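Colleague: Could you walk me through the surroundings of the ligand in this model, and then into the protein around them? I would like the cut-offs as you go.

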Amino acid sequence: MTLEQTLPICIAGTWRLGGGERYASHYPATGEPVAWLNAASLDDVEAAVQGAHHAFVHSGWAQRKPHERAAVLYRIAGLIREQAEELAQLQRQDNGKPINETRALVASAAGTFQFFAAACETLEETITPSRGDFVSMSVYEPMGVIAAITPWNSPIASEAQKVAPALAGGNAVVIKPAEITPLLALQLARICEQAGLPKGLISVLPGKGSLLGDALTRHPLVKRVSFTGGTRTGKHIAHIAADKMMPVSLELGGKSPTIVLADADLDHAVAGVLYGIFSSSGEACIAGSRLFVARALYEPFMARLTAAAAQLRVGDPADESTQMGPLISAGHRESVERYVALGLAEGGRLRLGGERLRGGVFEQGYFYPPTILEGLGNHQQVCQEEIFGPVLVALPFDNEEDLLAQANDSLYALAAGIWSRDYKRAWALGRKLQAGTVWINTYKQFSISTPFGGWRDSGLGREKGRLGILQYMEQKSLYWGMNPQPLAWAGVEAGQ
Ligand code: NDP
């Protein structure tokens with residue numbers, strides 16, 4: 001396939017050109033096209049959902065024994081590992097993340113399929129304590145067609161986190177990847193087919209979310225939406241879901257506090273804060289974007305942090321040593337720049353960065369340097385809104401009460417970090433922070449076995465964890481009558 005050829009998309013088991021407009025996925029490091037494809041049309045949405053429903057009803061997937069479904073998921077994990085380097089390079093081109101990071105995302109996607117295969121074949125249904133002459137059970141059933149709507153920042157990992165548990169639960173899946181990063185979802189669908197997943201159980205609809213994602217969410221045959229993306233879109237989806245009485249899971253934005261207490265191990269804290277905000281160029285929902293430092297430590301800590309941040313290697317994502325690649329698009333870089341300008345207008349000072357990088361690769365791609373703002377109050381807009389870029393706001397705090405009031409003062413509540421040598425203090429603080437995930441003396445570490453999700457505007461529901469599969473299943477209670485006599489109320493006696 002040459003670059004100029006138009007990639008087919010996967011609709012209900014058929015690979016064909018989408019019915020929508022032709023567009024390209026661009027490499028953010030150069031702005032050049034990586035692949036051309038036609039977006040899906042509304043007719044394609046209809047075909048994908050109808051095809052998924054048909055496959056759900058007729059392919060026998062839902063009726064397969066859990067260990068049989070698991071076998072296919074294990075094969076998907078194996079194929080992802082076999083194609084790991086190719087997938088990592090494709091993701092680097094599709095969204096511009098450094099190659100070391102995309103390799104880790106691909107490994108994580110393989111691990112996710114493996115984990116949910118194991119979760120599927122070991123999932124237990126329970127016999128509940130009976131309170132009458134019956135045996136009572138709690139069992140789980142597949143739901144039908146699941147819509148998986150994903151953002152552009154970590155495509156293969158986000159898609160695996162939805163597709164693996166949904167398939168494990170016996171469902172069909174229609175993926176709506178971010179318009180600008182469609183390539184990994186398409187490749188994942190190919191891998192699912194190679195692994196022997198029955199045709200039609202997976203479809204991929206590249207194109208605009210406001211058209212396709214919206215239609216998918218509203219479709220009566222779609223029984224659940226699993227969404228990762230911005231809070232505004234998440235709320236829109238939640239409204240539609242409320243009208244359909246449809247469950248949704250929403251993994252949304254964040255403005256996570258990362259806290260350096262006066263007794264922190266400074267080497268660990270500097271490394272962790274840098275990784276928390278600047279890895280992935282800050283394009284991470286869990287980015288530790290609000291830094292709180294004990295006032296007594298503020299100046300020396302900020303001096304070390306700033307010096308280390310200035311050494312981060314920003315550049316070519318294909319280079320193994322690159323730590324920060326470009327931002328996803330020109331438009332997104334402009335949005336980051338507007339936030340920095342707003343921070344300055346709000347009275348903030350630049351401790352580092354804040355100016356576009358110039359020369360060489362920086363002239364083509366959408367690069368932006370590590371940037372640190374200070375001199376602001378937690379109530380100000382740049383401290384409250386998600387920037388989704390390499391911009392850290394640093395704030396001193398006086399005591400724990402002051403710290404907690406500020407750290408918890410956010411519409412978001414996705415994650416938080418604490419750096420301290422005093423484990424008892426860190427434990428107590430960790431319990432008081434309002435966030436879906438709290439890291440203590442580490443940051444941005446993940447395990448597929450540990451549930452993930454946000455409070456408040458950061459989302460609804462949890463992904464990952466053994467029980468993540470249950471999001472994609474309906475719970476059913478079964479009662480088996482064991483009484484030799486008819487139910488007493490009607491007054492009918494046995495044998496009469
Ligand atoms: P968006 O909410 O804009 O987009 C996410 C997905 O939703 C895309 O596929 C998008 O399509 C689609 N979409 C857009 N409008 C609609 C609609 N009306 N109905 C249905 N789907 C729609 O987010 P971004 O792509 O900008 O992603 C960044 C956001 O994602 C950040 O806020 C970040 O915090 C959050 N995020 C959260 C994570 C978490 O786990 N909590 C993890 C990663 C990111 P299109 O591409 O056409 O816009």
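**Around the ligand and into the core**

Modeller: Happy to! Helix 7 gives the most to the shell around the ligand, with 4 residues. Please keep in mind that this is a predicted model, in which local features need pLDDT of at least 70 and side-chain atom pairs count only at pLDDT 80 or more, while totals for chains, interfaces and linings use all residues. Residues are numbered from 1 along each chain as its sequence is written, and side-chain values use heavy atoms, with hydrogens and water left out.

Let's stay with the shell. 30 residues surround the ligand, and the closest are Glu179, Gly209, Thr233, Leu252 and Glu386; a residue counts as near if one of its heavy atoms lies within 4 Å. At least two residues of the shell come from each of helix 7 (209-218), strand 11 (222-228) and helix 8 (231-244). Helices (H or I, at least four residues) and strands (E, at least two) are DSSP runs, numbered from the N terminus. By residue type, the shell has 12 nonpolar, 12 polar and 6 charged members; here Ala, Val, Leu, Ile, Met, Phe, Trp, Tyr, Cys and Pro count as nonpolar, Asp, Glu, Lys and Arg as charged, and the others, Gly among them, as polar.

A backbone N or O atom of Glu179 is 2.7 Å from a ligand oxygen, and a polar backbone atom of Gly230 is 2.8 Å from an oxygen of the ligand. For Leu252, a polar backbone atom lies 2.7 Å from a ligand nitrogen. Taken alone the ligand exposes 900 Å², and the protein buries 84% of that (Shrake-Rupley areas, 1.4 Å probe).

The largest nonpolar core has 151 residues, and Ile80, Phe113, Val260, Leu291, Phe301 and Leu305 touch the most other members. Such a core is a set of buried Ala, Val, Leu, Ile, Met, Phe, Trp, Tyr and Cys residues joined through side-chain atoms within 4.5 Å. Buried means under 20% relative accessible area, exposed over 50%, and partly exposed in between (1.4 Å probe, protein chains only). Helix 4 (residues 99-122) gives the most to the core, with 11 residues.

Leu305 is worth a click: leaving aside neighbours within four places in sequence, Leu305 is in contact with Val270, Val273, Leu274, Leu291, Ile372 and Leu392, where contact means heavy atoms within 4.5 Å. Thr306 sits in helix 10 (residues 295-310) and is buried, with a relative accessible area of 11%.

Ile277 belongs to helix 9 (residues 266-278) and is buried at 0% relative accessible area. Not counting residues up to four places away in sequence, Ile277 touches Gly282, Ala287, Gly288, Ser289, Gly389, Val391 and Leu392.

Finally, a backbone detail for your checks. Ser281, in the loop between helix 9 and strand 14 (290-294), has a phi near 50°, a positive value in a residue other than glycine. Ser281 is buried, with a relative accessible area of 3%. Lys444 also has a positive phi, of about 55°, although it is not a glycine. Lys444 lies in the loop between strand 20 (437-440) and strand 21 (455-456) and is buried at 10%.

Methods
Polar contact = N/O pair within 3.5 Å; in protein donor to acceptor, adjacent residues only side chain to side chain.
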